[in-house]
Amino acid sequence: MSPPAVPAALHPLVAAFLDDRVAVRAALRRFGSPLHLVFPQVFADNLTALRTVLDGVPGGYRICYAHKVNRSAALAATAAHAGIGIDVASAQELRSALTAGFGSDRIEVTGPKGAALLRAALAAGVTINVDNLWELSTIAEMAETTVPVLLRLSGFAASAPSRFGIDHTEVERAFELLTRHRDRLRLLGVAFHLDTAATQERVAAVGDCLTVLERAYAHGLTPTVLDIGGGLRQVFTADAAAYDAYDQALRVGLLGRGPAVHWGLNSFGYQVTDGTVHGRAVFHKYANTESAPTMLGELLAAPLPGHGGRTVSAVLADNLLQLWLEPGKALVDHAGITVTQVEFVKQVGSGTTLVHLNASRDTVTAADQEVLIDPLVLSEPGESSPTGVYFAGHLCLERDLLTQRQVRVDRLPDPGDPVVFANTGAYHMDLSAAQASMHPLPARVAVRHRAGRFVLYPDTVYRPGDEVR
Ligand SMILES: *Cc1c(COP(=O)(O)O)cnc(C)c1O
């Protein structure tokens, strides 16, 4: 018995690297396992695709790479070299951005900030995307020169409540602070960040922001920027139908109407009651099939309600507004993989097979999110005998399974065989990375394809140059 396969989508460059089995094993010998690999050239391809869409925006634009998706210095340096901006969310990310070569005029600090981060931001002279009124008044108190600020807005009529941003009921007080401290605060514009795939929700937020901008002009302020944040989606699966088939097999198993493909009592957020499966699974955003450039194009071309059918892009230009965006995962989509190795294979209970890897769950995913794209097992060629296995981790914890669902493998792997988790570059490799049981963090290595060869560099040693093709 084996569950349906869920094949990973791969960038051609990453696929070519993985096809070179000698190169993969050499990388593991040189840098150890598990190993995080980043591909700056793939990052550059993603950037080019977004720029192609944005080049049609008449009012102009700025892309700020959201650093928090990956701590890689190579990717940050690639972004700096490509001439875009960066969005940082901690003092460490701010230092990383400065080291990568970003000038202060290309750095924006977002997220929740304490006094220490505010001081660091002011010292560096970067733009501050303000989360709340305490922050705004603290900046005014601390500032010795004029600080460029964006107001992050929140409480949009069409969106779920958010813990971030300034609620529409507090905008008036923000304007009072901005007008009172004109010498210290310069309002560049307003911002939002919605983690949604729904274009209409973003369009509605743009509409709400335009209203706030009009009120700002009425206060004599002169904002010129509308920052629409990140949230553009990734495409993980090479086959959306296969994904749906797996989801179906999972539900059938949860109901007990077919073989279980879930580990223990894990139901991945689904609830089983009265013979049906309810709710939603916590599978990250694996089901998405729309690429980031497509999503962005849709947003820019969407008619903005109340503007006589004019598109978002046209209305921004009409209002002399520059569009800013903060893509994280869209820029890193397919630009990172995690390579682990099989330690051993064992049987537990009746017919359950565990493939033990020398990595832990937090190496490849945040604790609550199941990896729903099959890892690639790079065994030596042999006879095919498909079977379902669980991938187990090296921590002494019952919950340390890299997959709490059965994965179809073509045949059982051997110790030492590489097992590759695809597309881990955005959040997966970093968001819950831990050093439990004193295991060190995996090495991070940048891969460059040049003159038909793959060259590997320790992440911090990589120097960008020819990525944009
Ligand atoms: C995380 C974050 C982003 C990036 O989001 P993605 O979904 O990775 O594009 C952008 N802006 C802000 C404020 C964020 O917190």
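The model is predicted, so local features need pLDDT of at least 70 and side-chain atom pairs count only at pLDDT 80 or more, while totals for chains, interfaces and linings use all residues. Residues are numbered from 1 along each chain as its sequence is written, and side-chain values use heavy atoms, with hydrogens and water left out.

Taking a salt bridge as a side-chain nitrogen of Lys or Arg within 4 Å of a carboxyl oxygen of Asp or Glu, the count comes to 15. Here are three of these pairs.

| Pair | Closest N to O |
|---|---|
| Asp430 and Arg71 | 3.3 Å |
| Arg448 and Glu467 | 3.3 Å |

Let's start with Asp430 and Arg71, which form a salt bridge. Asp430 lies in the loop between strand E18 (418-421) and strand E19 (443-450), and Arg71 in the loop between strand E2 (61-66) and helix H4 (73-81), so the pair ties together parts 359 residues apart in sequence. Helices (H or I, at least four residues) and strands (E, at least two) are DSSP runs, numbered from the N terminus.

Burial is worth a look too: buried means under 20% relative accessible area, exposed over 50%, and partly exposed in between (1.4 Å probe, protein chains only). Asp430 is buried at 9%, whereas Arg71 is partly exposed at 43%.

Lys329 is buried at 7%, and Asp195 is partly exposed at 42%.

Finally, Arg448 pairs with Glu467, and both residues are buried. Salt bridges that share partners also join Arg25, Glu380 and Asp417 into one network.
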